Amino acid sequence: MTAQKSFAVSELSVGMRSSYAKTLSKSDVATFAELSGDNNPVHVDEEFAATTMFRGCIAHGMLTGALLSTVIGTQLPGVGTIYLSQSLRFKAPVMVGDHVEASVEVTEVDGDRNRVTLACECKVGDKVVLD
């Protein structure tokens, strides 16, 4: 479990960073498929996925993106944070078994409006898979 933190907007500054890492297991992908209803065989059927350009099961893009929510809601800015918007670019597939690191960095602090802008990315090794 991630240690939970909380920062007031006045405590945040540009350049602050935090991250969370997880290896996505077959069970994680199956649970996400069940919860979301997204049972696309490229995620859950190894035989089918082997015939695709990925040559194996890939994690749902939104499962990878959800790791960013872990950072935002538990570390930086932390507990009580509410998303107002998010834009994701999926740059490369995440394979079942990949170790994903989700990172956020404060890029803007608007104390008057009590809002923060974050740059977010997920990496597998040195490769950015989502930003």
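A residue is termed buried at under 20% relative accessible area, exposed at over 50%, and partly exposed in between (1.4 Å probe, protein chains only). The model is predicted: local features need pLDDT of at least 70, side-chain atom pairs count only at pLDDT 80 or more, and totals for chains, interfaces and linings use all residues. Residues are numbered from 1 along each chain as its sequence is written, and side-chain values use heavy atoms, with hydrogens and water left out.

**View 1. Overall fold of the protein.** Four helices and four strands make up the secondary structure; these elements are DSSP runs numbered from the N terminus (helices, H or I, at least four residues; strands, E, at least two). Their order along the sequence is β-α-α-α-α-β-β-β. Along the principal axes, the C-alpha atoms fill a box of roughly 55 × 25 × 25 Å. Of the 131 residues, 31% are buried. With contact defined as heavy atoms within 4.5 Å, 69% of the contacts between residues at least 6 apart in sequence join residues at least 24 apart.

**View 2. Helix 4 and its packing partners.** Helix 4 spans residues 61-74, a run of 14 residues. The distance from its first C-alpha to its last is 21 Å, close to the expected 20 Å, where the expected span is 1.5 Å times one less than the number of residues. The buried residues of helix 4 are Leu63, Thr64, Gly65, Leu67, Leu68, Val71, Ile72 and Thr74. An α-helix has 3.6 residues a turn, so residues three or four places apart point the same way. The buried residues of helix 4 pack against strand 1 (17-23) and helix 1 (26-36), and also against strand 2 (99-110), strand 3 (115-124) and strand 4 (127-130).

**View 3. Surroundings of Val124.** Val124 belongs to strand 3. Val100 is 24 residues away from Val124 along the chain, yet their C-alpha atoms are separated by 4.9 Å. When neighbours within four places in sequence are left aside, Val124 is in contact with Val94, Asp98, His99, Val100 and Val129.

**View 4. Cys120 and Cys122.** A disulfide is taken as a pair of cysteine sulfur atoms within 2.5 Å, and by this rule the count is zero. Cys120 is in no disulfide, and its nearest cysteine sulfur, that of Cys122, is 8.1 Å away. Cys122 likewise is in no disulfide, the sulfur of Cys120 being the nearest to its own. Cys122 counts as buried because its relative accessibility is 0%.
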